[in-house]
Amino acid sequence: MTSDERALLQRRLELVNLLEGEGAVTLPAVRQALLDVPRHRFMPPETRHQAYDNCALPIGLGQTISQPYMVAVMTELLRPAPDQTILEIGTGSGYQAAVLSRLCRTVYTVERIPELTRRAEDVFRELGYGNIRTRVGDGTVGWTEFAPYDGIIVTAGAPAVPESLRHQLKDGGSLVVPVGDRTFQMLRRETRHGDSFRREEHGGCIFVKLVGREGWPEESE
Ligand code: SAH
């Protein structure tokens, strides 16, 4: 390990300790995944020095890499297990998918902007994360080919929970999604019990818009 890598690992450890102190990380497996995934690799060179600050940052094309706090909270709400498959909508930088990939069998992740998918795929390959499958398209309608999923996570703000995603969830599985208007959302978890869904709210958040057939219309961008 070079001294640069050691310094980055040290900063990652401090960030994870901070998240634990805030109560965002409670599960040992989630702590380990956050320590294992080098967040700086998912960021453009200009902002890489801020990779271990606890904030969302621009990744270009009008999109952002989620705040580490939010990644931790959403991952814990999803509670991915080693034998599970997870669907993510909004690949973005690929960081959230990478964290999930350390905790479950396969991550399926959908992104509407091809350039972001391409960049994320490069990083997954460089890091040797072979259990992440990517797709370019409108994720508001899910990814039927591999459905149903044990868990679904939406990392963009939706006006309402996309019905297609509910349909692609296994019985007992959870869907974690920010729901609200364009500027503010509540983090919602819906857990499927047969044909009904138990709904919980887990605090406010701010995400970029989920744009698509069961999200915001394109022209609202
Ligand atoms: N999970 C990301 C955060 C991405 S920001 C990370 O860890 O970095 C939200 C992403 O959702 C953006 O890249 C945006 O382009 C994407 N997005 C918005 N609407 C979408 C849709 N309907 N389908 C797929 N991706 C969408």
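Figure 1. With a relative accessibility of 45%, Leu61 is classed as partly exposed (buried means under 20% relative accessible area, exposed over 50%, and partly exposed in between, with a 1.4 Å probe and protein chains only). Leu61 sits in the loop between β1 (57-60) and β2, and its phi is positive, about 55°, although Leu61 is not a glycine. Helices (H or I, at least four residues) and strands (E, at least two) are DSSP runs, numbered from the N terminus. The model is predicted: local features need pLDDT of at least 70, side-chain atom pairs count only at pLDDT 80 or more, and totals for chains, interfaces and linings use all residues. Residues are numbered from 1 along each chain as its sequence is written, and side-chain values use heavy atoms, with hydrogens and water left out. Arg79, in the loop between α3 and β3, also carries a positive phi, near 45°; its relative accessible area of 54% makes Arg79 exposed. The peptide bond between Ala147 and Pro148 is cis, with omega about 0°, and Pro148 belongs to the loop between β5 (132-136) and β6 (149-154).

**Figure 2. Helix α3 and its surroundings.** Of the 11 residues of α3, 10 are buried, so the helix is largely enclosed by the rest of the structure. Among the buried residues are Pro68, Met70, Glu76 and Leu78. Arg79, with its positive phi, follows α3. Ala72 and Glu20 are 52 residues apart along the chain, and their C-alpha atoms are separated by 9.3 Å. Glu20 lies in helix α1 and is partly exposed, at 32% relative accessible area.

**Figure 3. The largest pocket.** The volume of this pocket is about 560 Å³. On a 1 Å grid over the protein atoms alone, a pocket is an open set of points with protein on both sides within 12 Å along at least five of seven lines, a cavity is a set of points where a 1.4 Å probe fits but cannot get out, and lining residues have an atom within 4 Å of a point. Grid points are joined across faces, edges and corners, and a volume is the space filled by probe spheres set on the points. The lining comprises 36 residues, with Gln63, Thr64, Thr155, Ala156 and Val208 nearest the centre. Two or more lining residues come from each of β2 (63-65), α3 (68-78), β3 (85-89), α4 (95-101) and β4 (106-111), and β2 gives the largest share, 3 residues. The lining of the largest pocket divides into 16 nonpolar, 14 polar and 6 charged residues (Ala, Val, Leu, Ile, Met, Phe, Trp, Tyr, Cys and Pro count as nonpolar, Asp, Glu, Lys and Arg as charged, and the others, Gly among them, as polar).

**Figure 4. The second largest pocket and the Arg41 contact.** The second largest pocket holds about 190 Å³. Its lining has 15 residues, of which Arg41, Phe42, Met43, Arg119 and Val123 lie nearest the centre. Helix α5 (residues 114-127) supplies the largest share, 6 residues. The lining of the second largest pocket has 8 nonpolar, 2 polar and 5 charged residues. Arg41 forms a salt bridge with Glu126, the closest N and O atoms being 3.3 Å apart (a salt bridge is a side-chain nitrogen of Lys or Arg within 4 Å of a carboxyl oxygen of Asp or Glu). This pair links distant parts of the chain, 85 residues apart: Glu126 in helix α5 and Arg41 in the loop between α2 (28-36) and β1. Arg41 is partly exposed at 31% relative accessibility, whereas Glu126 is exposed at 54%.

Figure 5. The structure contains 1 cavity of 30 Å³ or more, and the volume of the largest cavity is about 40 Å³. Its lining consists of Arg12, Leu15, Val16, Leu19, Leu34, Arg39, Pro68 and Tyr95. Helix α1 (residues 3-21) contributes the most, with 4 residues. By class, the cavity lining has 6 nonpolar, no polar and 2 charged residues.

Figure 6. Arg189 lies in strand β8 and Glu200 in strand β9 (residues 196-205), so the pair ties together parts that are 11 residues apart in sequence. Arg189 is buried, with a relative accessible area of 15%. Salt bridges that share partners also connect Glu115, Arg118, Arg119, Asp122 and Arg125 in one network. Within helix α5, Glu115 and Arg118 are 3 residues apart, about one turn of the helix, and their side chains meet in a salt bridge (3.1 Å, N to O).
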